[in-house]
Amino acid sequence: MKLHFGSSLLVFTLAKFSPVHSSAPNPPVPPSPPTPPSTPPSPPSPPAPPAPPARPPPPPPPSIDVGTSAELHQVLSNISKGFSSRVLNLFAGKSYALEGSLLVHNMDLTLQSEGVGAILDAQGASRCVDIAHGGRLRLDHVHLANGIGKESGGGVLVRGGGKLNMAHSVIHDCVASGPASSGGGIAAVHTSGLVQLISTQSDGDDAILSTAFSHDGTHIVSGSRSGAITLWHAASLTKLASAYVGDWVYSVAFNSNGTQVVSGDRSGAIKVWNGASLDEVASATIDFGNVWVTSVGFSPDGTKVAVGTDGCKGWCNQNPHGHVKVLDAGLLSELASSYVSGSVQSVAFSSDGTQLVSGDSKGSVKVWDAVYYKVDRGDGTPFVIPLLTQLRSATTVSWVYSVAFSSDGTKLVSGHLHGLIKVWDAAS
């Protein structure tokens, strides 16, 4: 093609182009040959060797039975040389006199008992326990008594990384002395250690729930909310012995010659104790522990124990009930029992032991035959436990908390809610 613009001649040449898309098939592309591996394949890994057997757990620390204060002192002296771990079994109901504070330094020590527990008695000379230098102490059913800390920790001083674990234990009559004293029971000072308390009590705010004189007037026994039963010298109020039951002690009483003490507590337990040492002599649980034992007392000849119970454990205001029971004082087996439509708060024998009086939350005062029991239903069918025979009763308008016979057995006295006191003719 030729175009003329003025005198210039522009010439364009049209080139022949191939089409972009063609219907002709493309020739096949031969496959690429496989690439040889750069390195030969690794051989399979051998199986892992079996794991070594687990190392057996370390054996438990040696357990040692300790029966006397001298044995305790000797054992503690032997294990205090270098760090060691020991478990000492203390006998239930026994008191162990400490020779100064028990020093738990650079050792792992467990003191354990059972039942009413054992007592570590510092005898007022020093605090009961000093835990320091990484020492660890575990107390289980082991109680601390009569410790006096110079400034703090009459029961236990934990310091210097020491650790304390107390379970089912009581700190009793431990105080701190000095012009700036504090922390009578347990003190933890300058320590990164641990103090762990489980079911543990201190009697700083304790309440005395029951007291009784021996018949000769020389001794007093008391029962407290902390579960402590304590024997005192009547003239000086010097503490002579202690025992622990682990629950509120509602009632205590001496027998006629002072050789035994009986106690009743909130766990439903009745216990007879030696009247001089408070070592346990006999024990029984009433109605499988489903009651509170609110009142106990010996018969004049010491062969029987009268018992009053609260079957509602203080909670059923709509239908309170309880029992009056007579037990054999030696075995604490039930001789006779009768249901009462009220929580029994107090029981007492007459001076000749032939009758028994009870007072309850329904305001009733009842007199029972303490000698002759109903053994069958009148048709020859025996009762499982003989019944007490009710002789007389009277009803007032308020709870009866306390009852007693006069010494000649002709009168009764009852103490009631709202400060009321009544005197009754025992025969009518």
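Colleague: What makes β26 and β27 a pair of strands?

Modeller: In this predicted model, six bridges join β26 to β27 (residues 304-310), and the two run antiparallel. At least two bridges are needed for strands to count as paired, so with six bridges β26 and β27 qualify as a pair. Within this stretch, Phe 298 stands opposite Val 305 in β27.

Colleague: Why are β26 and β29 called edge strands?

Modeller: The sheet is an open one of four strands, in the order β26-β27-β28-β29, with antiparallel pairing. β26 (292-298) and β29 (334-340) each pair on one side only, and that is what the word edge refers to. Neighbouring strands of this sheet are turned against each other by 15° on average, with direction ignored.

Colleague: How do you know that Arg 136 and Asp 108 form a salt bridge?

Modeller: The closest N and O atoms of Arg 136 and Asp 108 are 3.3 Å apart, and the criterion asks for a side-chain nitrogen of Lys or Arg within 4 Å of a carboxyl oxygen of Asp or Glu, so the pair meets it.

Colleague: What makes Asp 108, Arg 136 and Arg 138 a network?

Modeller: These three residues are linked by salt bridges. Asp 108 pairs with Arg 136, and the side chains of Asp 108 and Arg 138 also meet in a salt bridge, at 2.5 Å from N to O. Because Asp 108 lies in strand β7 and Arg 138 in strand β10, this second pair ties together parts that are 30 residues apart in sequence.

Colleague: Which parts of the chain does the salt bridge between Arg 159 and Asp 130 link?

Modeller: The side chains of Arg 159 and Asp 130 meet at 3.3 Å, N to O. The pair links distant parts of the chain, with Arg 159 in the loop between β13 (156-158) and β14 (163-172) and Asp 130 in strand β9 (residues 129-132), 29 residues apart. Arg 159 is partly exposed, with a relative accessible area of 29%, whereas Asp 130 is buried at 7%. The structure holds seven salt bridges, and this is one of them.

Colleague: Why is Lys 366 said to have no salt bridge?

Modeller: The nearest side chain of opposite charge to Lys 366 is that of Asp 360, 5.0 Å away, and because a salt bridge has to fall within 4 Å, Lys 366 has none, although it is buried. Lys 366 has its place in strand β32 (residues 364-376). Leaving aside its neighbours within four places in sequence, Lys 366 is in contact with several residues, among them Val 340, Leu 356, Asp 360 and Arg 392.

Colleague: How many of the 428 residues count as buried, as a percentage?

Modeller: Of the 428 residues of the chain, 42% count as buried. The chain has one helix and 36 strands.

Definitions and conventions
Residues are numbered from 1 along each chain as its sequence is written. This is a predicted model: local features need pLDDT of at least 70, side-chain atom pairs count only at pLDDT 80 or more; totals for chains, interfaces and linings use all residues. Side-chain values use heavy atoms; hydrogens and water are left out. Buried means under 20% relative accessible area, exposed over 50%, partly exposed in between (1.4 Å probe, protein chains only). Lys and Arg count as positive and Asp and Glu as negative; His and the chain ends are not counted. Contact means heavy atoms within 4.5 Å. Axes are lines fitted to C-alpha atoms, for helices over the stretch in contact, and angles run from 0 to 180 degrees between N-to-C directions.
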